[in-house]
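Thanks for coming, everyone. Please bring up the model on your own screens, and I will talk through it.

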Amino acid sequence: MVGAGGARSLQEILRQRQGSEFVGRSLQCSVFRTNLQLPPVDRKFVFGLHGQAGIGKTFLLRQLREISLQHEALVAVTDDNESNLVAAMGAIARQLAGQGGETRGFAQRLAEYERRHDDVLSDPQAPSEARELVMSTAIRFGLGVVRMAAPGLGPVADAVPPERLQAWMEQCRGYFARKFGSQADVRLLLSPVEELTPFLVEDLRKLAQHRQLVMLFDNYERTSEVIEQWLLRMLQGHYGELPVALILGIAGQHPLDPNSWGEYSSITVTWRLDPFTSEEARTLLNRRGVRDPGLVDVVLELSGGLPLLVATLAESGHDAHDPTAMAVARFLNWVPDQQRREDAVLAALPRGLDEDILIALGAEEGTADLFRWLRDRPFVHENQGRLQYHQVVRETMVRYERGRAPRRFRLRHQTLAEHFHRSRQELALPGESAWYDWEWRALLVEEFYHRLCWAAHRWLPDAMEHCAAACGVDAGTAQSWFDMFAEAARDSAVSIVVTFVRDLQRFVRPSGELDLNGLQKYLIGRLEQDSTGRAASTRARTWVATDAGAATSGGGAWSFGEQEGRGSNYRGKQDHFGTDLSESVPPVIGE
């Protein structure tokens with residue numbers, strides 16, 4: 001029965017409505033649509049989509065599916081919901097059959113496999129090796145190589161040492177031969193993918209004589225360990241010649257590995273998906289009924305253009321006018337575990353994240369699992385093994401934590417300051433040479449970010465000393481301190497830091513560059529007015545060269561020859577961790 005508007009099913013109505021809300025990615029949709037209409041000699045056959053979690057890969061795949069259906073193609077979509085590769089092939093066949101594309105040969109052979117599979121599991125005499133094999137649906141790539149189709153379903157790969165692998169396989173082979181008496185059945189149970197895929201490819205070739213075929217693979221970052229080798233072997237023709245009417249779409253957080261896919265670059269299109277532009281985000285909000293200008297601005301600020309967050313925050317209604325708690329709840333509303341939600345907020349406190357920092361925060365138990373879990377969040381991205389929260393999300397979570405537990409907020413920043421201090425000291429760099437080391441300088445900046453969030457009144461003078469030193473190193477080092485002060489002011493909301501940062505704005509030139517010489521002199525002047533009895537005036541005089549002309553346009557320089565006065569000010573003075581500050585505050589390196 002055809003319903004209103006020509007829809008033939010509830011799913012079709014749902015796809016139509018989702019399509020009407022689809023925003024952005026017009027270029028990708030246009031390219032894909034045009035490609036379906038090209039002759040095979042000009043066509044691309046592999047579309048690789050990649051981007052961070054929450055960027056809209058799944059939604060775009062849905063649009064590609066809808067475009068394919070509009071062109072009367074047969075379409076199948078799989079993701080990590082299929083427990084193994086055999087299940088994925090079965091899902092592909094069922095979806096094609098539901099659109100009128102029966103894969104009869106494959107379906108018959110798959111049914112035979114499932115019957116033999118059940119026979120083994122129901123046989124009380126079956127050896128444990130054979131039961132484990134069919135329970136895990138182990139798959140065979142090449143000669144004598146057994147891999148898990150779905151890691152975690154059984155200990156097949158781990159339980160069998162490489163030297164015992166052949167004997168283990170022979171045990172299974174002997175049992176299957178005795179039970180079923182057919183070498184075809186033995187091969188089917190030992191290597192189901194190798195046996196089933198040729199039937200699927202042959203059926204695809206038959207279907208392609210009448211209709212185009214599109215196979216889409218989502219969540220590839222989770223399924224590639226199993227699916228990638230299968231796809232590559234199909235492209236190599238290992239299971240038979242593929243039809244020219246077949247197009248593959250692959251979506252994951254990472255681009256296709258050029259070491260594996262490079263030879264197919266001539267038939268591949270690669271798309272990196274970026275956050276929505278302001279215009280695209282506003283269009284989506286408008287279609288979701290969010291039209292109040294103030295509310296729209298709040299959603300745009302909180303989401304950073306990440307499509308998932310735009311759509312999620314659009315559902316918050318008028319609560320978005322109280323953005324902090326609402327945003328945290330929205331970002332984490334799909335996380336059922338309360339402890340995981342708390343972990344996500346806790347891990348937002350440092351500006352960057354690694355497993356060592358999680359341990360310092362008290363997450364030693366299950367740290368690796370927590371790190372992996374955080375890496376998969378839509379508001380977290382990875383850079384060379386370290387994690388960083390999306391800036392807007394992190395700001396929101398930090399503000400949320402500061403508001404609900406101010407004392408705990410400060411203590412956690414104290415813990416993090418101590419962690420970075422220890423990390424810096426473990427580098428064991430002597431005195432002045434530390435300033436030549438970029439890692440030491442980076443750790444010092446992070447240490448003082450947390451010191452200011454913990455106890456700004458106590459640590460701001462020391463932070464100013466280091467910033468003055470940084471002005472004499474190079475512009476990048478000084479900029480890192482300037483940025484750190486701004487983030488500490490925002491995240492701590494301590495008035496003394498907020499006021500200090502406002503004062504620093506005068507040293508930003510119209511070009512955006514810092515006036516390093518002016519900034520350094522300002523910091524020295526502030527420290528000369530220090531009334532805490534730290535002899536800042538004497539110390540400050542040792543920071544500048546013996547005459548005003550010694551300071552370069554890139555910044556001032558400390559006099560390396562005036563160590564006696566500086567040393568007398570610092571000798572014996574201990575910081576919070578019992579460390580001689582004469583080691584942690586070396587003179588600035590002149591140019």
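This is a predicted model: local features need pLDDT of at least 70, side-chain atom pairs count only at pLDDT 80 or more; totals for chains, interfaces and linings use all residues.

Residues are numbered from 1 along each chain as its sequence is written, and side-chain values use heavy atoms, with hydrogens and water left out.

The chain has 28 helices and nine strands, taken as DSSP runs (H or I, at least four residues, for helices; E, at least two, for strands) and numbered from the N terminus. Of the 591 residues, 50% are buried, meaning under 20% relative accessible area with a 1.4 Å probe and protein chains only. Among contacts (heavy atoms within 4.5 Å) with a separation of 6 or more, 68% are between residues 24 or more positions apart.

Beyond its neighbours within four places in sequence, Phe32 is in contact with Phe47, Leu64, Ile67, Ser68, Val214, Ile247 and Trp271.

Lastly, helix 21, residues 406-426, reaches 31 Å from its first C-alpha to its last, close to the 30 Å expected for its 21 residues, where the expected span is 1.5 Å times one less than the number of residues. Its buried residues include Phe409, His413, Phe420 and Arg424, and just after helix 21, Ala428 takes a positive phi of about 55°.
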